[in-house]
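Subject: Structure for your review

Dear colleague,

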Amino acid sequence: MAAERTFIAIKPDGVQRGLIGEILGRFERKGFKLIALKQLIPSRELAERHYGVHRERPFFSGLVDFITSGPVVAMVWEGDGVIASARNLIGATKPLEANPGTIRGDLAVNIGRNVIHGSDGLETAAFEIGLWFDSSELHDWVPSDQSWRVES
Ligand code: DAT
Ligand code: MG
């Protein structure tokens, strides 16, 4: 069975606030494996497809304006249970309700500037990875401590 992967993006506010290293470090220290990483300013088309499920919501155009306003750091992380675990590391959508210790709980106050995106399920993860990355940009590798990264 293929290892589980999730799509993570540091939004323009996280990049502007100098939080890239802080956020990457949390995923690295947790023990997940980085499969792809790039910085880009998303096109409107990419942002609208990424947030397509929210198309009818009142905040949609503001959300697309924001996510296309500057560089985003897009990533793919791999590991057992990484999709749900990444959501736990990220914290609740509303930063004021996110638990301390989570990225949003520690680093954000505003729902419209909540620093980071993470896929919310297997299907969305596969869709988002394919949307943001070409398969040639995904790099599989075996960390030297691989046996410590899986549940025994
Ligand atoms: P999440 O990013 O936790 O998966 P979501 O998928 O429900 O949350 O929404 C996507 C993004 O849209 C979210 O990170 C911030 C923005 N958003 C959601 N609800 C909002 C609201 N009520 N007002 C403004 N922005 C909102
Ligand atoms: Mg979501």
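This is a predicted model: local features need pLDDT of at least 70, side-chain atom pairs count only at pLDDT 80 or more; totals for chains, interfaces and linings use all residues.

Sorted by class, the lining of the largest pocket comprises eight nonpolar, 11 polar and eight charged residues.

The largest pocket is also the space taken by ligand 1. Around ligand 1 are the residues K11, Y51, H54, F59, L63, R87, T93, R104, I111 and N114. This shell divides into four nonpolar, three polar and three charged residues.

Which side chains place a polar atom at 2.9 Å or 2.5 Å from an oxygen atom of ligand 1?

- K11, where an N or O atom of the side chain is 2.9 Å from an oxygen atom of ligand 1;
- T93, with a polar side-chain atom 2.5 Å from an oxygen atom of the ligand;
- N114, with a polar side-chain atom at 2.9 Å from an oxygen atom of the ligand.

As for the surface of ligand 1, the molecule taken alone exposes 520 Å², and the protein buries 75% of that area.

I also examined the second largest pocket, whose volume is about 310 Å³. It is lined by 14 residues, and those closest to its centre are E78, G79, D80, R149 and V150. By class, the lining of the second largest pocket holds five nonpolar, three polar and six charged residues.

I would be grateful for your comments once you have looked through the model.

With kind regards

Definitions and conventions. Residues are numbered from 1 along each chain as its sequence is written. Chains are lettered from A and ligands numbered from 1 in the order in which they are written. Side-chain values use heavy atoms; hydrogens and water are left out. A residue is near a molecule or strand if one of its heavy atoms lies within 4 Å of it. A polar contact is a pair of N or O atoms within 3.5 Å; within protein, one must be able to donate a hydrogen and the other to accept it, and residues adjacent in sequence count only if both atoms are side-chain atoms. Accessible areas come from the Shrake-Rupley method with a 1.4 Å probe; for residues, only the protein chains shown count as cover. On a 1 Å grid over the protein atoms alone, a cavity is a set of points where a 1.4 Å probe fits but cannot get out, and a pocket is an open set with protein on both sides within 12 Å along at least five of seven lines; lining residues have an atom within 4 Å of a point. A molecule sits in a cavity or pocket if more than half of its atoms lie within 2 Å of its grid points. Ala, Val, Leu, Ile, Met, Phe, Trp, Tyr, Cys and Pro count as nonpolar, Asp, Glu, Lys and Arg as charged, and the others, Gly among them, as polar. Grid points are joined across faces, edges and corners, and a volume is the space filled by probe spheres set on the points.
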